Amino acid sequence: YNLDLNNDGTFDFRFDLINNPGGGITTGGAPSAAYRRVMVTPLGSNAVAGSVITPYVYPTAMIAGDTVTPALTWNVGSNQSMASSFSSAYLYGNWLSAADKYIGLKLNVAANTFYGWARLDVDATASLFIIKDYAYKNNPGQPIIAGMLTDVGIAENHLANTVLIYSQDQQIHVVLADNLSVGGIVKVTNVLGQEIYSHSITERETT
């Protein structure tokens, strides 16, 4: 699977699947073992976040909410092993049985560096992978949250003279000024833009 992360017509990363059922004869005359492998190769000067156990490179399986940042360890080698299975007994890699995990991607375009992610599933025997979606931060050098599809900014409170909003002891407090009628809804979202709480305002002070 060739991934064009920024949709500019140039492939940036390649994902490969090797599925060898075995049963052939080796040069020594013994039957060859079955092996399966899911790999990723950053193309050009791009890179993938992961760890290195010489001589192998293992891309990290991140979870939603992790930050893809310049501080991660970035690897440029080809055929980085996400998941490997030899004779169904020897298993390697961070992506075996991974569901909705994220791979950190570094994209170099001209003199700019961008950070992104792709969300994948990999089965328990490294015989299948599914790429579900991907995104990148279009501001050079800026980190991106794994799973974030759009920027979630924190807008300035333009109701400062009529609504007081503050947090204390892991609670959010909303206080309406006397000149406002009671009503409305408070919604709280996480950094991915997902709504995690909603509450109707029925009193002048709401916690």
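This is a predicted model: local features need pLDDT of at least 70, side-chain atom pairs count only at pLDDT 80 or more; totals for chains, interfaces and linings use all residues.
Local features are used at pLDDT of at least 70 and side-chain atom pairs at pLDDT 80 or more, while totals for chains, interfaces and linings use all residues. Residues are numbered from 1 along each chain as its sequence is written, and side-chain values use heavy atoms, with hydrogens and water left out.

**Exercise 1. Is N75 buried or exposed, and which residues does N75 contact?**

Step 1: Find the place. N75 sits in strand β7, residues 74–75. Strands here are DSSP runs of E with at least two residues, numbered from the N terminus.

Step 2: Check the accessibility. Buried means under 20% relative accessible area, exposed means over 50%, and partly exposed is in between (1.4 Å probe, protein chains only). N75 has 9%, so it is buried.

Step 3: List the partners. A contact means heavy atoms within 4.5 Å. If you skip neighbours within four places in sequence, N75 is in contact with P42, A47, V48, G50, S51, V52, V57 and Q80.

**Exercise 2. Where is Q80, and which backbone oxygen lies 2.8 Å from a polar atom of its side chain?**

Step 1: Q80 belongs to strand β8, residues 80–86.

Step 2: Look at its accessibility. The value for Q80 is 1%, so this residue counts as buried.

Step 3: Now the oxygen. The one you want is the backbone oxygen of G77. A polar contact is a pair of N or O atoms within 3.5 Å; within protein, one must be able to donate a hydrogen and the other to accept it, and residues adjacent in sequence count only if both atoms are side-chain atoms.

Step 4: Leave out residues up to four places away in sequence, and Q80 touches V38, M39, V40, P42, V48, V57, P59 and N75.

**Exercise 3. What is the strand order in the open sheet of five strands, and what stands opposite R37?**

Step 1: Read off the order, which is β1-β2-β3-β8-β9, with antiparallel pairing. The edge strands are β1 (2–3) and β9 (90–92), and each of them pairs on one side only.

Step 2: Zoom in on one pair. Two strands pair if DSSP finds at least two bridges between them. Strand β3 (residues 35–42) and β8 run antiparallel, joined by six bridges.

Step 3: Follow R37 across to β8, and you land on S84.

**Exercise 4. Why is strand β11 described as largely enclosed, and how is β11 paired with β10 and β12?**

Step 1: β11 covers residues 112–122, and nine of its 11 residues are buried, so the rest of the structure largely encloses the strand.

Step 2: Go to β10 (residues 98–109). This strand runs antiparallel to β11, with 10 bridges, and K101 stands opposite L120 in β11.

Step 3: Go to β12 (residues 129–136). Seven bridges link β11 and β12, again in the antiparallel sense, and L120 stands opposite I131 in β12.

Definitions and conventions
Helices (H or I, at least four residues) and strands (E, at least two) are DSSP runs, numbered from the N terminus.
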